[in-house]
Amino acid sequence: CMPRTPYVPPRLPASLARRDLRREPAFQAAEARGLDFEPPAYPQRARIVSSAHGPIRHVLLWYASYTPQEYGFQEIYGDVLAQLPETTEVTIVAHPDVVDDLEALVADSGRAGVTNVITSPPWLAFTVWAEDAFAVVEDVGVDPPVTYLLEPETFTRAGDAVLADLVAQPTAIQSTQVPLMFQGGNVLIGDQFVLIGRDYLD
């Protein structure tokens with residue numbers, strides 16, 4: 001009886017994978033090294049920014065459109081700008097109808113620190129209470145930490161709900177959404193506690 005020569009399958013082209021061979025995860029990972037992974041679009045280790053501790057490094061303000069018959073908060077804004085330290089960066093979202101008014105207000109306040117103005121779309125109606133639409137957190141899972149405007153699952157004031165994304169477009173601040181119900185303006189953050197007010201939670 002003649003010995004039988006073992007069957008040797010023909011060599012496949014490099015573009016075809018062998019279906020009868022197990023592909024180890026390490027091998028798959030090695031193949032995937034050619035991919036470029038961008039940073040995740042959400043905080044990896046979020047830490048809510050305290051309301052009472054540390055220096056005020058950055059302030060967000062909202063300068064909404066108003067009519068002569070309305071209370072426009074000009075005096076309050078001017079007083080805030082005048083009293084903030086020079087080391088505090090200020091970012092103001094302003095409606096295009098009141099940008100000239102805001103520029104005069106900043107000049108009259110004598111402010112010397114960095115002041116950024118983000119002009120909103122002309123069709124966007126928002127309020128001075130837009131901080132209700134998010135809470136500020138820092139992602140301490142990356143170095144350096146990244147600041148996020150954390151938005152709730154839903155928010156009733158549509159114009160204010162747009163502003164976190166509007167701030168994230170031209171600045172280093174990011175925005176993302178979580179399946180939680182809260183209003184940022186009604187959140188008080190201490191050293192080891194967070195108080196959340198009711199407001200729209202009904």
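**Figure 1. The largest nonpolar core of the predicted model.** This core has 17 residues, and the members that touch the most others are Trp62, Val93, Leu163 and Val167. Strand 2 and helix 5 (163-168) each supply at least two residues of the core. The most come from helix 5, which gives four residues.

**Figure 2. Pairing of strand 3 with strand 4.** Strand 3 covers residues 89-94 and strand 4 covers residues 115-119; the two run parallel and are joined by five bridges. Ile92 stands opposite Val117 of strand 4.

**Figure 3. The β-α-β unit formed by strand 3, helix 3 and strand 4.** Helix 3 spans residues 99-109, and the unit that it makes with strand 3 and strand 4 is right-handed. The strands of this unit are the parallel pair joined by five bridges.

**Figure 4. The largest pocket and the residues nearest its centre.** The volume of the largest pocket is about 1,200 Å³. Its lining consists of 30 residues, and Val49, Ser50, Ser51, His58 and Val136 lie nearest the centre.

**Figure 5. Elements and residue classes in the lining of the largest pocket.** Two or more lining residues come from each of strand 1 (46-48), strand 2 (58-63), strand 5 (135-139), strand 6 (146-151) and strand 8 (187-189). Sorted by class, the lining of the largest pocket holds 17 nonpolar, eight polar and five charged residues.

Conventions. Residues are numbered from 1 along each chain as its sequence is written. This is a predicted model: local features need pLDDT of at least 70, side-chain atom pairs count only at pLDDT 80 or more; totals for chains, interfaces and linings use all residues. Side-chain values use heavy atoms; hydrogens and water are left out. Two strands pair if DSSP finds at least two bridges between them. A crossover is right-handed if, with the strands pointing away from the viewer, the path from the first strand over the helix to the second runs clockwise. On a 1 Å grid over the protein atoms alone, a cavity is a set of points where a 1.4 Å probe fits but cannot get out, and a pocket is an open set with protein on both sides within 12 Å along at least five of seven lines; lining residues have an atom within 4 Å of a point. Grid points are joined across faces, edges and corners, and a volume is the space filled by probe spheres set on the points. Ala, Val, Leu, Ile, Met, Phe, Trp, Tyr, Cys and Pro count as nonpolar, Asp, Glu, Lys and Arg as charged, and the others, Gly among them, as polar. A nonpolar core is a set of buried Ala, Val, Leu, Ile, Met, Phe, Trp, Tyr and Cys residues joined through side-chain atoms within 4.5 Å. Buried means under 20% relative accessible area, exposed over 50%, partly exposed in between (1.4 Å probe, protein chains only).
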